[in-house]
Amino acid sequence: MVSERMLGLGTARSVIRELFEYGKQRAAIVGAENVYDFSLGNPSVPAPDAVNETAIRILKENPDIIHCYTSAQGDAGARQRFADSLNRRFGGDYTADQFYITVGAAASLCCVFNGLTCPGDEFIAFAPYFPEYKVFIEGAGAKMVLIPPEIEQFQIDFDTFEKAITPNTKGVVVNSPNNPSGVVYSRQTLEQLAAILTAKSGEYGHPIYLISDEPYREIAFSGVEVPWIPHIYKDTIVCYSFSKSLSLPGERLGYVLVPGQVTDSDQVYAAVAGAGRSLGYVNAPSLFQQVTSLCCDMTADLKVYEENSKLLVDSLREMGYHVAQPGGAFYLFPRSLEPDDLAFSERAKQFDLLLVPGTGFGAPSHFRLAYCVQTDMIRRALPKFKALADSYK
Ligand code: PLP
């Protein structure tokens with residue numbers, strides 16, 4: 001006998017992985033250059049040279065120390081550098097002891113959900129959403145409540161949201177810039193969200209925490225503001241990652257920030273650390289704690305994502321696709337050309353376009369395009385998108 005839940009997770013069919021495998025099979029038949037794979041969110045730009053140089057320098061200078069365990073919450077110097085960086089950028093007064101360094105945003109989220117959950121608790125997420133939220137929230141023993149998408153702009157349907165908050169609501173998770181829509185929540189959206197959460201926290205007599213999942217914080221297009229959410233809502237806990245900003249997804253490095261202003265911040269921080277311990281994380285990779293903290297004021301060369309976005313949005317709209325305006329990240333979430341997004345994704349395969357159906361993100365009749373790919377591939381894919389659209393005429 002094994003755990004049914006874990007067995008289910010371990011054997012569940014992954015649409016994205018299946019598309020990826022299908023792409024490899026097709027590439028063997030028609031040639032890799034004739035397969036247009038928009039399925040995976042792996043950064044397409046390299047990490048900055050300074051990241052590699054810093055790693056090499058540390059390995060040469062501190063070979064004995066760097067491979068050792070660090071404090072469970074992360075090296076004190078690294079946490080101080082993260083705090084200094086945010087204070088410079090956002091004008092906060094964050095301190096090293098508010099940071100818990102993690103194995104990427106996925107671990108940040110798991111530590112927060114596990115750290116906060118008491119029996120009966122619920123967390124609200126907004127569709128379209130990162131599907132792992134359900135896995136992480138249920139893994140913590142809580143229930144996920146999903147708010148259907150506001151499909152014009154992918155901001156928030158506040159009426160439905162307000163009705164979904166109950167005395168059991170422990171927290172709300174937001175992700176802006178968003179995977180899969182690429183949309184950035186406006187300051188107005190966030191202020192309205194904060195006003196509702198403040199009122200409901202008062203009504204129910206306990207804080208409703210806002211968990212801000214921010215792996216795409218640095219990937220924002222020109223003229224788009226990504227507001228710093230702790231300045232808008234007091235009870236915000238930040239889950240960050242260097243996977244996308246520094247193009248380091250395989251190195252597994254991020255952090256949880258529990259600002260001092262958060263209600264019961266000391267307890268929340270200790271519970272996050274306790275969750276990290278219970279999940280067996282021990283400490284985040286020692287070398288990359290140093291590397292990311294020494295390089296946290298820089299990013300990979302992210303401008304290609306904006307170029308790719310503009311090329312795709314303009315071209316797809318011209319062909320008749322409906323695309324909500326993205327503000328960052330490296331995803332688009334257009335409407336599928338038939339209501340059944342799974343059938344649409346199947347039909348796209350006939351044109352060797354690998355597009356992920358929206359159903360898995362909680363927003364049927366849409367599809368996700370991950371455009372962290374070479375711009376040249378997008379240019380070559382455009383006639384295929386046109387042919388796909390024409391096939392519906
Ligand atoms: N949250 C969102 C919205 C993501 O898109 C991802 C990864 O793609 C993660 C969290 C997990 O990121 P990490 O690689 O830092 O664990």
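A pocket, on a 1 Å grid over the protein atoms alone, is an open set of points with protein on both sides within 12 Å along at least five of seven lines, and its lining residues have an atom within 4 Å of a point. Grid points are joined across faces, edges and corners, and a volume is the space filled by probe spheres set on the points.

Good morning. The model before you is predicted: local features need pLDDT of at least 70, side-chain atom pairs count only at pLDDT 80 or more, and totals for chains, interfaces and linings use all residues. Residues are numbered from 1 along each chain as its sequence is written, and side-chain values use heavy atoms, with hydrogens and water left out.

I begin with the largest pocket, which holds about 1,400 Å³ of space. Its lining comprises 41 residues, and those closest to the centre are Ser14, Ile16, Phe130, Pro131 and Glu132. Among the elements that give two or more residues to this lining are helix 1 (4-11), helix 2 and strand 11 (356-357); helices (H or I, at least four residues) and strands (E, at least two) are DSSP runs, numbered from the N terminus. Helix 7 provides the largest share, 6 residues.

Helix 2 itself covers residues 15-30 and spans 22 Å from its first C-alpha to its last, close to the expected 22 Å, a value given by 1.5 Å times one less than the number of residues. Gly31 follows helix 2 and has a positive phi, near 95 degrees.

I turn now to the ligand. Which residues are closest to the ligand? They are Ala105, Asp213, Tyr216, Ser241 and Arg252, among 14 that surround it, where a residue counts if one of its heavy atoms lies within 4 Å. A backbone N or O atom of Ala105 is 2.7 Å from a ligand oxygen. The side chain of Asn179 places an N or O atom 2.8 Å from an oxygen of the ligand. For Asp213, a side-chain N or O atom lies 2.6 Å from a ligand nitrogen. Of the 400 Å² that the ligand exposes when taken alone, the protein buries 91%, by the Shrake-Rupley method with a 1.4 Å probe.

Finally, the structure has 1 cavity of 30 Å³ or more, a cavity being a set of points where a 1.4 Å probe fits but cannot get out. About 60 Å³ of space lies within the largest cavity. Its lining includes Phe126, Tyr129 and Asn178.

Conventions:
Polar contact = N/O pair within 3.5 Å; in protein donor to acceptor, adjacent residues only side chain to side chain.
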